[in-house]
Protein chains: 4
Amino acid sequence: MTRARPDRKQRANGVESRRRILEAAVEIAGERGYEGTSIAVVSAKCGLPASSIYWHFKDKDDLIAAVIERSFETWLAAVVLPGEDAGTPLERCVAMAADIARSLVDAPDFLRLGLMLALEHRPVEPQGRVVFREVREVARQRLAEVVRTLFPALDESAVHLLVTYAVAGGDGLFVQRETRGEEVDLVAMFELHARTVYGMAEGMPAGG
Amino acid sequence: MTRARPDRKQRANGVESRRRILEAAVEIAGERGYEGTSIAVVSAKCGLPASSIYWHFKDKDDLIAAVIERSFETWLAAVVLPGEDAGTPLERCVAMAADIARSLVDAPDFLRLGLMLALEHRPVEPQGRVVFREVREVARQRLAEVVRTLFPALDESAVHLLVTYAVAGGDGLFVQRETRGEEVDLVAMFELHARTVYGMAEGMPAGG
Amino acid sequence: MTRARPDRKQRANGVESRRRILEAAVEIAGERGYEGTSIAVVSAKCGLPASSIYWHFKDKDDLIAAVIERSFETWLAAVVLPGEDAGTPLERCVAMAADIARSLVDAPDFLRLGLMLALEHRPVEPQGRVVFREVREVARQRLAEVVRTLFPALDESAVHLLVTYAVAGGDGLFVQRETRGEEVDLVAMFELHARTVYGMAEGMPAGG
Amino acid sequence: MTRARPDRKQRANGVESRRRILEAAVEIAGERGYEGTSIAVVSAKCGLPASSIYWHFKDKDDLIAAVIERSFETWLAAVVLPGEDAGTPLERCVAMAADIARSLVDAPDFLRLGLMLALEHRPVEPQGRVVFREVREVARQRLAEVVRTLFPALDESAVHLLVTYAVAGGDGLFVQRETRGEEVDLVAMFELHARTVYGMAEGMPAGG
DNA sequence: AATGAATGAGGATTCATTCAT
DNA sequence: AATGAATGAATCCTCATTCAT
């Protein structure tokens, strides 16, 4: 005679559990960084025992790497790139920057954790740091593509320079916002930055 | 036969010990951040037992705060501001930026640790984070003074904006250098940034 | 050749482990008090590593509180109250007192630790002290019930007074026994005390 | 040329320092017991460095023993025994008890710490425990003398019994007061106890 | 798919004590 | 008479991880 298990948690559901773990971990890692994110704290926050976390993730490093990936996706989803028809190229750039700024205000965890990982120089590099560099490189390439489209005359080293400068400004402004709080109008600063970079591109010599 | 006492440390010297501890801690904290800086590792690096560290510093928080302060001073000392006679204002700005870039390459610990602390949002704020914000504000004020001198027509909100943008660019470029290594020519990027901010200031409307 | 795993503990058994920890802790805490009961010593005595103790108890405070509870229960179980048919009320009181005295000689840990905790006035009250007060109040209520049954004419303040005096005498005699050892015949003293309190009750004015 | 030392603490004064240390230690030990009284806390409370405490006392054990002695003297000084002319013997006994009760309310540290030490059974007996037993024995002898004077017909074992019972009641009532606070009227309870013991003595058979 | 229990290593911090000055 | 500095051992507790079920 087969009895239905009466009291089993809601029918064990791996996907849902994984999601809960990641959600908890994103929040904590975004606040406290790699070392500050202990399995015990994540366990407490998501309600699953520590050993269950190890069922879903090989080890802490693996978890943090997954956190970076997930928070990157969450962030990407928050970036709604503007339609291509909207105004002059400059205006479109500015709108894009504003949009990115808004997404960083709404979902800052990805960049915050990523920058923390990026700044650390620990003996054995965490996988999460590698993942961050990878997704960042993806972002760089996309941005480079935009630059090449708008300024086809620029050579590769100029594109490279512009992208580096653009990303650096974004990171730095984000840090300002994180440090000084709402006093910093991230959207306005990103718009200013976009205009500046655009002007810089226009002023650059064409060709190789 | 009288044995020389084998290990009795040379006459107790508080100032020197404190210096040794800080020196070790700066290096470690600059690499591994707040949580990654364990007292045991600092103890091993400086050669004093952990309990001696607690003679000189109330707790880990106090130590890290002192680390921030000391590394800031070290860094400041490394910034050799250019003489006032050297060329046009723009040239002097560019030289100053290059100098700061060089100091960040030589003594990156201060800013690296500071940014790590700045990005953390832990429930109870570490004292080191507070100190970082304070010394940063000092730096901001100095920069604001330079801007006011060069562009007396600008109103305060414009000065504020310029300073924020200038610092953000510096931070962001530093992060690029930390992430991507020597591939990033920090001095050149800082010079470019200085020129850009200078141009931005010139283009700003005067008056309140 | 298959070696038996040398030390892998017999199948994990939480209930049994908890019991072992408590058993060790009762003994140690009963001898050395709160501060004298180090987790390391308990760990050594029960054979489980310190970290396992923290699986079963939130912290030391929690452990000591559980110790109080458990030793109270052990002690209660050792008190075999006399049948209700045995002789005059006075005789039954005396028999009860003798029984309690015997239980305190056999299982003194509860009261010894409890009194130590009760006497401490530390800034943050240990949970064990709270628990001790609670179980003691239970004991007081039981005793009050006995008094009310035997002397229905007494008003509440008289009952209260009698109970306080009775318990105080018990505690004080216990302390004598702990201080001066077997020279003190605890059973005889408790019997004397019972007779005294009984007489005191008889001599009290009835009514409110 | 002899310069007056300008800034030396008030002219080093051993007696005064010793007093300050003991005063701090009495309070702390009375609150937290033997183990809870750390040299560092005493040092913080009295304002002298820990090493100075070791100039005045051989070690912690020595300090605690001195604490017991000093708090005993303080307490004794607070006990103002009543003149011999005041009323009947019973009345004088009651007055004496009331006086002791008052002294215990005013200066409870001695008995509180003493009882804590008495209850502990640590492997190596602290000197303070020995001192407590000694001063207690002195108190017992005094009380025995009083009993012998008032009831010359009693034999030694009866005296012994009465003293034990009297002291036990006092200790127990003190514990009640410590546990339950001002709700317990220590003076009234001590008076009741005195009357009870007096009555007990009267009821005892004379002779050997 | 999940988890209760366990565990050794290491975390920060405090301990009583010593010693040169 | 006093103290700044130092120190090894011990404190409580958390860590990441494993494993039998």
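## Polar contacts with DNA strand F

In this predicted model, a polar backbone atom of Lys60(C) lies 2.8 Å from a phosphate oxygen of DNA strand F; a polar contact is a pair of N or O atoms within 3.5 Å, where pairs within protein also need one atom able to donate a hydrogen and the other able to accept it, and residues adjacent in sequence count only if both atoms are side-chain atoms. Ile39(A) likewise uses a polar backbone atom, at 2.9 Å from a phosphate oxygen of DNA strand F. For Ser51(B), an N or O atom in the side chain is 2.8 Å from a base oxygen of DNA strand F.

Two or more residues of the surface near DNA strand F come from each of these elements: helix H2 (39–46) and H3 of chain A, helix H1 (14–36) and H3 of chain B, helix H2 (39–46) and H3 of chain C, and helix H1 (14–36) and H3 of chain D. Helices are DSSP runs (H or I, at least four residues), numbered from the N terminus.

## Surroundings of DNA strand F

DNA strand F is surrounded by 40 residues, of which Ser17(B), His56(B), Tyr54(C), Ser51(D) and Trp55(D) are the closest; a residue is near a strand if one of its heavy atoms lies within 4 Å of it. Of the atoms of DNA strand F that come within 4 Å of the protein, 67% belong to sugar and phosphate.

By class, this surface comprises 14 nonpolar, 18 polar and eight charged residues. Ala, Val, Leu, Ile, Met, Phe, Trp, Tyr, Cys and Pro count as nonpolar, Asp, Glu, Lys and Arg as charged, and the others, Gly among them, as polar.

## DNA strand E

Polar side-chain atoms lie 2.3 Å from a phosphate oxygen of DNA strand E for Ser17(C), 2.7 Å for Ser52(A) and 3.4 Å for Trp55(C).

## Relation of chains C and D

Chain D is superposed on chain C by a rotation of 179° with 0.1 Å of shift along its axis, at an RMSD of 0.2 Å (least squares on the C-alpha atoms of residues with pLDDT of at least 70 in both). That is the relation of a two-fold axis. Both copies use the same surface: 97% of the contact residues of chain D recur in chain C, contact meaning heavy atoms within 4.5 Å.

## Conventions

Residues are numbered from 1 along each chain as its sequence is written, while chains are lettered from A and ligands numbered from 1 in the order in which they are written. Local features need pLDDT of at least 70, side-chain atom pairs count only at pLDDT 80 or more, and totals for chains, interfaces and linings use all residues; side-chain values use heavy atoms, with hydrogens and water left out.
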